[in-house]
2 protein chains.
Amino acid sequence: MSLNTATVKEKCNLRQAIDLCASYGIGGIAPWRDKLQEYGVDEANRMIQDNGLRVSGLCRGGMFTLEDHLSQNILDDNKKTVDEAAAIQAECLVIVVGGLKPDSKDLAGSQMQVEDGLFKTLEYARTVKMPIAIEPLHPMYAADRACVNTLSHALDLCDQMGEGIGVAVDVYHCWWDPELESQIKRAGKNRLLAFHICDWLLETKHLLLDRGMMGDGIIDIPLIRSWMERAGFDGLKEVEIFSEDNWWKRDPEEVISVCMERSAVC
Amino acid sequence: MSLNTATVKEKCNLRQAIDLCASYGIGGIAPWRDKLQEYGVDEANRMIQDNGLRVSGLCRGGMFTLEDHLSQNILDDNKKTVDEAAAIQAECLVIVVGGLKPDSKDLAGSQMQVEDGLFKTLEYARTVKMPIAIEPLHPMYAADRACVNTLSHALDLCDQMGEGIGVAVDVYHCWWDPELESQIKRAGKNRLLAFHICDWLLETKHLLLDRGMMGDGIIDIPLIRSWMERAGFDGLKEVEIFSEDNWWKRDPEEVISVCMERSAVC
């Protein structure tokens with residue numbers, strides 16, 4: 001298992017998250033960029049390596065549509081993110097591509113800008129050998145966070161771009177997709193760069209911040225894991241739970257033990 | 001334009017909704033079943049026909065997964081709904097297929113039950129010549145309302161089942177889909193049975209009850225309408241807005257005039 005720092009973001013800084021992982025024998029961590037900044041990237045790397053943790057991914061690059069064109073600013077920030085991922089020896093850089101361009105209804109145009117941004121970021125990432133993982137988000141985030149919403153679409157982009165790019169499969173975003181099994185197979189071992197788990201609550205109260213703990217919702221996680229493994233994925237199960245009114249409020253030690261217990265059976 | 005009664009459900013009974021349509025010169029109405037019950041189906045039909053309204057659809061049949069098997073109860077209720085649709089001379093019966101079976105994580109099994117229910121309902125609907133329109137819902141409703149979430153999936157079902165079944169395209173559910181244009185084309189005139197419009201608000205506050213008025217959100221409705229028309233659709237634009245905190249609270253006359261103004265340009 002790997003702990004995505006978002007799961008304990010309200011109660012733990014990076015050092016505390018690392019200490020938790022170390023003391024519970026968790027194999028990996030996936031920091032968000034803001035957590036890296038707390039100590040600086042080099043110190044963060046030292047703390048992570050000193051505790052023998054793998055880094056299942058850095059969250060996150062992308063957001064290529066924050067401006068109405070692919071500005072130098074956006075590209076530079078993505079290069080910087082690639083460097084940070086390399087500096088902490090991340091197994092991939094997770095990319096959330098961005099939603100519609102500002103004040104725009106142009107889905108196709110936003111997707112073209114995303115392609116352009118992905119390609120330019122990938123060109124740089126190849127020079128430092130950092131794998132790029134496109135994370136397709138649930139379609140309910142198509143407007144404001146990511147206009148790539150299915151594994152099929154993400155893999156079409158990968159096909160176009162060649163080496164060094166793959167996908168992050170998050171059960172929360174993909175569980176409903178009737179093509180999920182076939183697209184995981186299509187991706188294959190080399191492009192399955194990350195596997196994120198949490199659960200979809202039957203009564204979801206908030207579009208962003210009401211994810212469930214594995215087992216509390218309706219996703220058949222073991223089934224999806226089996227598809228990942230059959231396709232050759234052998235990385236860590238990364239637990240990423242946004243839960244403003246529940247898990248973020250609890251004692252991180254409790255959160256971690258429940259995560260471990262639940263992820264062991266899914 | 002056609003008025004889906006859900007748009008004014010808090011302030012208007014069926015008679016008031018019909019009167020509104022008549023006095024504003026709206027061409028059609030799409031009642032929900034609970035509204036039909038207020039006067040009984042025959043009286044509802046009389047009121048609708050007396051005002052010269054088309055019925056762009058009856059909302060709704062389906063919900064084949066409310067029990068853990070396809071019970072006689074579910075099938076009978078669907079037959080009754082088909083009869084109601086015929087009695088009010090609806091152009092189609094809109095079907096929302098149902099989500100996961102109770103206490104289940106079995107998406108594939110739920111989808112099989114849906115197929116079975118659709119097929120049996122269709123067999124009956126053919127005898128009274130009532131077209132069945134599968135409405136794929138947004139993937140955020142896959143667990144609790146409909147486990148058919150893309151036009152592609154809905155059309156696969158139509159392909160299997162043959163004559164008498166098509167789709168209802170609601171921009172709210174489908175706008176994000178990268179295959180939307182191609183799947184509308186695939187559907188073709190004979191299977192494009194209904195076109196529902198409203199808008200996706202950039203800051204959506206509730207998964208079910210926070211839809212926007214056309215023009216207030218980010219969906220390029222004219223673009224999707226142009227795809228529908230190119231495929232041969234020439235039916236009514238049905239306005240269906242669930243909006244607990246905004247439109248449902250307003251004076252229905254205001255709601256209708258804004259609907260007419262906005263639907264004229266989209």
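Me: What makes helix α4 of chain B lie across strands, and at what angle does α4 run to β4(B)?
Reply: This is a predicted model. In it, helix α4 (residues 72-87) of chain B lies across β4 and β5 of chain B. The angle to β4(B) is about 160°.

Me: Which strands does helix α6 of chain B lie across?
Reply: Helix α6 (residues 151-161) lies across β6 and β7 (165-170) of chain B. Its angle to β7(B) is about 165°.

Me: How do you know that β5 and β6 of chain B pair?
Reply: Pairing takes at least two bridges. Strand β5 (residues 93-96) and strand β6 (residues 132-134) of chain B are joined by 3, so they pair. They run parallel. One of the bridges links L93(B) with I132(B).

Me: Why are β3 and β4 of chain B called edge strands?
Reply: The open sheet has 9 strands, in the order β3-β2-β1-β9-β8-β7-β6-β5-β4 (chain B). Strands β3 (54-55) and β4 (58-62) each pair on one side only.

Me: Which residues touch the most other members of the largest nonpolar core?
Reply: L93(A), V167(A), L93(B) and V167(B) do, in a core of 174 residues.

Me: What makes L151(A) a contact of V167(A)?
Reply: Contact means C-beta atoms within 7 Å. L151(A) is listed beyond the neighbours within four places in sequence, with A133(A), I134(A) and L193(A) among the others.

Me: How many residues of chain A are in contact with chain B?
Reply: 20 residues of chain A are in contact with 20 of chain B. The chain A side has 13 nonpolar, 4 polar and 3 charged residues.

Key. Residues numbered from 1 in each chain as written. Chains lettered and ligands numbered in written order. Predicted model: local features only at pLDDT ≥ 70, side-chain atom pairs only at ≥ 80, totals over all residues. Helix = DSSP H or I, 4+ residues; strand = E, 2+ residues; numbered from the N terminus. Contact = placed C-beta atoms within 7 Å. Axes fitted to C-alpha atoms, helices over the stretch in contact; angles between N-to-C directions. Core = buried A, V, L, I, M, F, W, Y, C linked by C-beta atoms within 7 Å. Buried ≥ 20, exposed ≤ 12 C-beta atoms within 10 Å, placed from the backbone. Nonpolar A, V, L, I, M, F, W, Y, C, P; charged D, E, K, R; others polar.
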